[in-house]
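Welcome! Here is a short tour for anyone meeting this structure for the first time. Have a look at the model, then read on.

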Amino acid sequence: MQIIGSRFARRVMPALALACVAGVSAYAQKPPSVVKARLVLATQGAHSSSVAKAAVVGQIRAGYHINALHPSLDYLIPTEVQLNRSAGVTVERVIYPPGRPVRFAFLKTPLAVYEGEVLIGLVLKLGRADASSVIPLRGKLSYQACNDHACFAPTSIPLRLVVPILPASVPLQSAHAAIFSKIRFN
Amino acid sequence: MKSKRVILGIVLGVIVVGALYLINRFWIAPATTLSSARATTLSAKGDSSHPLAPEFSLTSLSGQTIDLKDYRGKVVLLDFWATWCGPCRIEIPEFVDLERKYASQGLRIIGISMDDSPDPVRQFYQQFNMDYPVVMGSDKVGELYGGIFGLPTSFLIGRDGRIYAKHVGLTGERTFVREIQELLAAGPNQMAANFVAAGGGPGSDDINVETPAEANSPVPGVDVSKLTPAQLTEYKQMLSSEHCSCGCGYTVLQCRQVDGSCETSLKMARAALAKLLRKNTI
């Protein structure tokens, strides 16, 4: 009772509870994803009340594919990017690349898929924000992957990005130019 | 005083971690068996090369209770699939034909759908004229069978209730026919002592170049037939503790089971086997 009531216990118990949750989660067997993805900004930051470009950079493991946004067959699960509602940011447009038609052993007709690197553009409208503040963005890339003879359960990868708000006097400099040059924003 | 608290914290931490392990080992894990207390896991009981098929009891789309123990004496093809899985959709019409052809000899097929919702499964069931039972699966059912990481995954269960073959991915119909015929040839509840896998590990039997021992191995592509049960357990633990360097993020064992075409995991699995055998020789 003395231990439970002590200041020490009040500090340690929540940490132990967290460790329990983490332990159980880690123990649960779950197949890892075959896709890696990150969210990047086209500039080093953004100005308040402006439009910014971002991109999801996905890397699909060799030998695997994920369905395009508009899969060739209605039963296939599309690849989609979703950003959570965040104060001060609106997603104006999401620009998906066209799927590449690929023929697989299990189908006579080609399927529209993404393989290798997949770049998905995002046009973000930022609301008013204080200079030197940051706007956190969170979302996910949902997909369902297959190789040429087996498929894997639909899953998603969390996406995170912090958009630094710069004073209007600070000029924006491009970042990740090689990535953004490959996305057709227009 | 401070050091006492640190020690107390460490002791508490150890107790919690130990309790977690025990809770998972004896409470959470058995709860995933879904069925009676007699449920088994793939490696828990029986012959190491032909483990007993874990029992489950689930309700089919038509409301029928499907209890695997009721199928003892039959040859069962257990098919984990999903409507969104292209290769699965190729195999299912073949399975419908297979059951019609071999049902009188004792073949039964059970489909375990890994879809999230039964609605598309019902549509598919009618569209493809499926006449064998389909139940809705879950990760828990998958875990019973060692984790279902790729679809389709099919298990061939003999009349004695043991698993004789596992196929991950699209597998040729000829492979199933040969294996089913061999299993049907065994007497009621008898072990199919002479069963030889037709090949067709992960992928198509057309491209299979594995020996039967490699193809029918719990570590696809690696012949483990000469290992003792204890060595096999140790070997699988070795492969489960090492991540495949191909970049897939899987352990070597998972990678072998999911992607039979991965040369990296095959090399790593064979190297681990050589290491184990060397250790046992010394």
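Let us begin with a stretch to treat with care: over residues 18–30 of chain A, pLDDT stays under 50, and the model has 10 contacts beyond four places in sequence for these residues. This is a predicted model, and where pLDDT is low, the predicted coordinates should not be read in detail. For chain A as a whole, the mean pLDDT is 86, with 82% of the residues at 70 or more.

**Two sheets in chain A**

Chain A holds an open sheet of four strands in the order E1-E3-E9-E6, paired antiparallel. Strands E1 (35–41) and E6 (89–95) of chain A stand at its edges; each has a single partner strand, so one side of each is left without a neighbour in the sheet. From one strand to the next, the twist averages 25°.

Arg100(A) has Val113(A) as its bridge partner in E8(A).

| Strand pair | Sense | Bridges |
|---|---|---|
| E7(A) and E8(A) | antiparallel | three bridges |

**A helix with two sides in chain B**

Now move to helix H3 (residues 118–127) of chain B. Which of its residues are buried? They are Val121(B), Phe124(B) and Tyr125(B). These residues cover an arc of only 105° around the axis, which puts them on the same side of H3(B). An α-helix has 3.6 residues a turn, so residues three or four places apart point the same way. The buried residues of H3(B) pack against strands E4 (107–113) and E5 (134–136) of chain B. On the other side of the helix, Asp119(B), Gln123(B), Gln126(B) and Gln127(B) are exposed. After H3(B) comes Asn129(B), with a positive phi near 50°.

**The nonpolar core**

The largest nonpolar core has 111 residues, and Ala54(A), Leu151(B) and Ala269(B) touch the most other members. Strand E3 (residues 75–81) of chain B gives the largest share of this core, six residues. Leaving aside neighbours within four places in sequence, the contacts of Ala269(B) include Val219(B), Leu239(B) and Arg256(B).

Methods. Residues numbered from 1 in each chain as written. Chains lettered and ligands numbered in written order. Predicted model: local features only at pLDDT ≥ 70, side-chain atom pairs only at ≥ 80, totals over all residues. Buried ≥ 20, exposed ≤ 12 C-beta atoms within 10 Å, placed from the backbone. Arc of directions from axis to C-beta. Contact = placed C-beta atoms within 7 Å. Pairing = 2+ DSSP bridges. Core = buried A, V, L, I, M, F, W, Y, C linked by C-beta atoms within 7 Å. pLDDT = per-residue confidence, 0-100. Axes fitted to C-alpha atoms, helices over the stretch in contact; angles between N-to-C directions.
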